[in-house]
Amino acid sequence: MLNCLIVDDEPLARQVLESYISRTPLLLLTAICNNAVDAYRTLQEQELMVDILFLDIKMPRIDGIRFLRSLKQPPAVIFTTAFSEYAAESYDLNAVDYLLKPFSYERFYRSIEKVLKINPPVKRADNATNYLFIKADNNLIKIFHQDILYIQARKDYLKLVTKNNSFLTHMTMKYIGSLLPEKQFVRVHRSYIISLAAINIKGKNFVDIDNVKIPVSDSYRNPLEKALQK
């Protein structure tokens, strides 16, 4: 799934985008904000992982152009605006597309196709294999899924903690997530992937695994709940 964030001060525009996103496979609406300040707060405080940002331009306080310039690592951006004069500037900011309001679902979907060409969804691992290989200390190490307790992001590295050991490997969260079966593992925080079977205690904002309290972010609470119900 590609996580989507809507930032638009017009209620009708937000409703249209919400409807279009709900109709589109692979898209998941994770948050709606009516201004750039709330959007920035949502991204920072909730540690929200966003794949596609639907961004209006003319908004109170901070416009969409200034907001995008403030993001250090922006997601794929699709501008949604009633003003055509910002199109050239938007492409200078590497926007994927520029939708002029009002736009149809067909035009909306063409924008999504552009995003998918740039950032195709990663196919999750199935249950054909029950292990993965990681590179640590210049060696390839075989680790069985059942031995993994949790994975923690540490800047450009990942700390992979197993029942009997821990390893530091140079890998992204997105990539290692693609190597793990989704029925057994779930992301609960920007910096953590956990084994569902390893959970000892589940609180409102944390899980306990092997006496380690791991935070659960607001944006990942529902996926964790659904995974546990399954």
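Let's start with one residue in this predicted model: T162 is buried, with a relative accessible area of 10%. Buried here means under 20%, so T162 falls inside that limit. This threonine belongs to strand β9. Leaving aside residues up to four places away in sequence, T162 touches I143, D147, I148, L149 and F167. One of these contacts, I148, is also the bridge partner of T162. That bridge takes us from a single side chain to a pair of strands: β8 (residues 148-154) and β9 (residues 157-162) pair in the antiparallel sense over six bridges.

Now widen the view to the sheet around them. Strands β8 and β9 belong to an open sheet of five strands, ordered β10-β9-β8-β12-β11, with antiparallel pairing. At its edges stand β10 (166-169) and β11, each of which pairs on one side only. If you follow the sheet across, the twist averages 20° from one strand to the next. As background for reading such a sheet, strands pair through backbone hydrogen bonds, either parallel or antiparallel. In a regular strand, the side chains alternate between the two faces of the sheet.

What lies across β11 and β12? Helix α7 does, running at about 155° to β11.

Next, look at which way the side chains of α7 point. The buried residues of this helix are Y220, R221, L224 and A227. Seen down the axis of α7, they fall within an arc of 135°, so they line one face of the helix. The face turned away from that buried side carries the exposed residues N222, K226 and Q229. And what do the buried residues of α7 pack against? Their partners are β11 (185-189), β12 (192-195), β13 (201-202) and β14 (206-209).

Two of those partners, β13 and β14, lead us to another sheet. This open sheet has three strands in the order β13-β14-β15, again with antiparallel pairing. Strands β13 and β15 (212-215) stand at the edges with a single partner strand each, so one side of each is left without a neighbour in the sheet. Between β13 and β14 there are two bridges, in the antiparallel sense. To find this pairing on your screen, look for K202, whose bridge partner in β14 is V207.

Strand β1 (residues 2-7) and strand β2 (residues 27-33) pair in the parallel sense over six bridges. Here N3 stands opposite L28 in β2. To get from β1 to β2, the chain passes through helix α1 (residues 11-22), and this β-α-β crossover is right-handed.

Finally, step back to see the chain as a whole. The protein chain has seven helices and 15 strands. Its C-alpha atoms fill a box of roughly 60 × 35 × 30 Å, taken along the principal axes. Of the 230 residues, 45% count as buried, and T162, where we began, is buried too. Among contacts between residues at least 6 apart in sequence, 51% join residues at least 24 apart.

Conventions:
Residues numbered from 1 in each chain as written. Predicted model: local features only at pLDDT ≥ 70, side-chain atom pairs only at ≥ 80, totals over all residues. Heavy atoms only, no water. Pairing = 2+ DSSP bridges. Helix = DSSP H or I, 4+ residues; strand = E, 2+ residues; numbered from the N terminus. Right-handed = clockwise from strand over helix to strand, strands pointing away. Buried < 20%, exposed > 50% of the residue type's maximum accessible area, 1.4 Å probe, protein only. Arc of directions from axis to C-beta. Contact = heavy atoms within 4.5 Å. Axes fitted to C-alpha atoms, helices over the stretch in contact; angles between N-to-C directions.
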